[in-house]
Amino acid sequence: MIFSTTRHANNSDAESLPVGYNSTILKEFVDTLEDLEDAQTLDMGPVCQENITFFALRMGRHYVCDMFLRLKREKRKELQPGNGWKHLDYPDRNFDGIQLWDLCDHLEDDDVSRLVELCYTMLRATGLLMLIAFENKPASSIVNSFVIGQDYRVDIRPQPHLELPWEFRHNRALTSLLSNFTIVRSFRYHSGIREFLFKKPGGFRD
Amino acid sequence: MLKRTKKDENSTPNSVGDTLEEKPTPSSLGPTVGQERYSGEETTIIGERITIEGSIRGEENLVIEGAMKGTIEMGKHDFSIGPNGRVDGEIHAQNVSIDGLFKGTIKALGKVAVTKKADFNGEIKAKSFSVEDGAYFKGVVELDREAHKKSEATESPREPSSPEPAKQSVIPPNDVKMEK
C-alpha cells in the first residue's frame with residue numbers, strides 16, 4: 001500500500017491518506033454497463049474531469065450532478081440536506097448505473113434513506129449502484145474525489161473547497177440502508193476503503 | 001459594448017439577431033480575453049452591461065461578458081463566457097470555454113472547457129472536455145467516441161516497438177478481502 005505524504009495545511013496531525021488502488025468494483029461496474037446498448041450513467045460528484053471523460057467515452061450518455069457541492073451550499077445556507085435532493089430531478093428508470101462514491105459517508109441516516117430511495121427510482125431494473133465508504137475517520141473533513149486512472153486504478157484527490165461532516169457506518173448498517181437493493185459484491189482494502197456494488201432487483205433491463 | 005481585440009477596417013460586423021440593447025459602458029470594463037487563446041484571430045467581446053435576446057452568428061471568436069439568451073452559431077470559431085457572463089441557450093462553435101453561468105446545450109467540434117468559477121447546467125456534445133475541480137456542474141456529457149477509437153487505433157502500432165513498463169499493483173492480492 002502506498003501512502004501519500006500530503007497533509008492538510010490546517011491540521012498538522014492529519015493522517016496520511018491512502019492513495020492508489022486497483023478497484024475491482026469499478027471494473028465490474030464498467031464491464032457490466034459497457035455491454036449494454038446506450039447505457040446511461042449518473043455520477044454524483046465531486047466533479048472530476050478524469051472520471052467524466054472516462055465514462056463519457058464508454059457509456060451512451062454520462063450525467064453528472066455534483067451533490068457534494070450542492071450539499072455544501074445547502075449547509076452554508078443552513079438548510080437541511082434534503083433541500084439538495086431537488087437537483088436529482090431525473091426521470092424514473094433513467095439510469096443503468098449510479099456512482100455515489102462516498103456521498104453516504106457525509107449524510108445522516110434519514111438523508112441516506114432518501115438518497116437511496118431516489119437512486120432506486122432513477123435506476124432501471126438490474127441497474128447498478130456503486131459506493132465507497134471509509135472505515136477510518138479521515139483526519140480532515142475535506143472531501144476527496146476518487147480519480148479513475150489506467151487499468152481501473154483509483155487515486156484520491158482532496159477537494160479543499162469541499163468540507164462536509166463524516167459519518168461512520170458498519171457494513172451491516174450501510175447494507176440495511178440499502179436493503180431494497182441486492183448486494184452484488186463488496187471489498188474491503190487494508191487502507192480502510194470499502195467498496196460496494198448493489199443491483200436493483202429485476203429480471204431484465206426495463 | 002462590443003469590443004474587438006484586433007482592428008480590421010474592412011471586416012463586417014457580426015450579425016446580431018432580434019434585440020441588441022447597448023448601454024453606456026465605463027471604460028473600466030475592459031476585455032478579459034486570454035491573448036494566447038485568441039492570438040491571430042479577431043475576437044469580439046460583448047460587455048458586461050449588454051443583454052442580448054435572439055441569435056448570434058459569427059465568423060470570428062466571441063466572448064460574452066454580459067447576458068445572452070438564444071442561439072449562438074460560431075461555426076469553426078471559438079466562443080467563451082467570461083466570469084460575469086450569463087448565457088441561456090444553444091451554442092455551436094469550434095471550442096467553447098465557460099467561466100460564467102451557462103444553461104442550455106453546447107455542440108462543439110473541438111473542446112469544451114469549464115472552469116471552477118463556472119455554474120453549468122446543461123448538455124455537452126464535443127470531441128473533448130475538461131472541467132476544473134470545484135465547478136458547479138450539472139450536465140450530460142457526450143464525447144466523440146469514434147474519434148477517440150480512431151486516435152487509439154492510430155497510437156496502437158507504436159506500442160509493440162516500445163516495451164510496456166511493468167504494471168505495478170499497488171495492492172497485493174492478499175490486501176483485498178472479498179466479503180461476498
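Asp38(A) sits in the loop of chain A between helix α1 (24-34) and strand β4. Helices (H or I, at least four residues) and strands (E, at least two) are DSSP runs, numbered from the N terminus. This is a predicted model, in which local features need pLDDT of at least 70, side-chain atom pairs count only at pLDDT 80 or more, and totals for chains, interfaces and linings use all residues. Residues are numbered from 1 along each chain as its sequence is written, while chains are lettered from A and ligands numbered from 1 in the order in which they are written.

Stay with Asp38(A). Its phi is positive, about 50°, although Asp38(A) is not a glycine. Most residues other than glycine have a negative phi, and most peptide bonds are trans. Is Asp38(A) buried or exposed? Asp38(A) counts as exposed because it has 8 C-beta neighbours inside 10 Å. The cut-offs are these: a residue is buried if 20 or more other C-beta atoms lie within 10 Å of its own, exposed if 12 or fewer, and partly exposed in between, with C-beta atoms placed from the backbone.

Asp151(A) also has a positive phi, about 55°, and is not a glycine. Look for Asp151(A) in the loop between β8 (142-148) and β9 (153-163) of chain A. Asp151(A) is exposed, because 10 other C-beta atoms lie within 10 Å. Another backbone feature is the cis peptide bond that joins Gly45(A) and Pro46(A), with omega about 0°. Pro46(A) lies in the loop between β4 (40-43) and α2 (49-56) of chain A.

Now find the sheet on chain A. Three strands form an open sheet in the order β3-β9-β8, with antiparallel pairing. Its edge strands are β3 (21-22) and β8, each pairing on one side only. Two strands pair if DSSP finds at least two bridges between them. β3(A) and β9(A) are joined by two bridges. Tyr21(A) stands opposite Val154(A) in β9(A).

Next comes helix α3 (residues 67-76) of chain A. Which of its residues are buried? They are Met67(A), Phe68(A), Leu69(A), Arg70(A), Leu71(A) and Lys72(A). Their cover includes β5 (61-65), β8 and β9 of chain A, together with β15 (136-143) of chain B. After α3(A) comes Glu78(A), with a positive phi near 60°.

Chain B has parallel strands. Strand β7 (residues 67-73) runs parallel to strand β9 (residues 86-93), and seven bridges join them. Gly70(B) stands opposite Gly89(B) in β9(B). β9(B) also pairs in the parallel sense with β11 (residues 101-108), over eight bridges. There, Glu90(B) has Thr105(B) of β11(B) as its bridge partner.

Turn to the largest nonpolar core, which has 91 residues. A nonpolar core is a set of buried Ala, Val, Leu, Ile, Met, Phe, Trp, Tyr and Cys residues joined through C-beta atoms within 7 Å. Among the members that touch the most others are Leu100(A), Leu129(A), Val114(B) and Phe129(B). Strand β7 (residues 123-134) of chain A gives the most to this core, with seven residues. Not counting residues up to four places away in sequence, Val114(B) touches Ile98(B), Phe120(B), Val131(B), Glu132(B), Ala135(B) and Phe137(B).

Finally, how confident is the model? pLDDT is the predictor's confidence in each residue, from 0 to 100. Chain A averages 88, and 89% of its residues score at least 70. Over residues 1-16 of chain A, pLDDT stays under 50.

Notes:
Two residues are in contact if their C-beta atoms, placed from the backbone, lie within 7 Å.
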